[in-house]
Amino acid sequence: MPSGRFRWQLKAPNGRVVAVSSPVYDSAPTAERAFAELAAAGPELVARITHVREGLGWIWAVPGARDDPVARSSRAYERYATCQNAFRRFVALLTKPDLPGNRGLPAGPGLPAGSGLPAGSNHSAGPGLPP
């Protein structure tokens, strides 16, 4: 990326972005490693569900080592229960054996969109996310 800043995003088979990295990484390999670590944790992950500060809705975030989020929902959900279900779908996608993090293959920029693979990005991927 020209800006030298990378994020991963996880897409469902229908092409919808379901999760994005909260941190911004300096290189694609660093973003890929972060995603692989998250995918390895899969079913062990827990989410913190919070109400968005401005506006309506709920978002989920996976807290990291220092309570800083490492992943979050790509959008806000109108209902708390819908947000919970979205997090469950995210975990189910992470545990799919065809994800790069689960097969040990690299992931990131250059991979086909809409395949459920993470992809690097230098922009915000949804409401309530930092640019």
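I began with strand S4 and strand S5 (residues 69–73): three bridges join them, and they run antiparallel. The model I am reading is predicted.

I then looked up single pairs between these two strands. Ala-61 has Arg-72 in S5 as its bridge partner. Val-62 stands opposite Ala-71 in S5.

I moved on to S3. Which residues does strand S3 cover, and how many bridges pair S3 with S4? S3 spans residues 48–51, S4 spans residues 58–63, and four bridges pair them in the antiparallel sense. I found Trp-58 in S4 as the bridge partner of His-51.

S3 and S4 also form a hairpin, this one with six residues between the strands. Gly-55 sits in the turn and has a positive phi of about 105°.

Then I put the strands together. In what order do the five strands lie in the sheet? I read the order as S1-S2-S5-S4-S3, in an open sheet with antiparallel pairing. Strand S1 (9–11) and S3 are the edge strands, and each pairs on one side only. From one strand to the next, the twist averages 25°.

Last, I looked for what lies across the sheet strands. I found helix H2, made of residues 80–94. H2 lies across S1, strand S2 (17–21), S3, S4 and S5. I noted its angle to S4 as about 40°.

Technical notes: Residues are numbered from 1 along each chain as its sequence is written. This is a predicted model: local features need pLDDT of at least 70, side-chain atom pairs count only at pLDDT 80 or more; totals for chains, interfaces and linings use all residues. Side-chain values use heavy atoms; hydrogens and water are left out. Two strands pair if DSSP finds at least two bridges between them. Axes are lines fitted to C-alpha atoms, for helices over the stretch in contact, and angles run from 0 to 180 degrees between N-to-C directions. Contact means heavy atoms within 4.5 Å.
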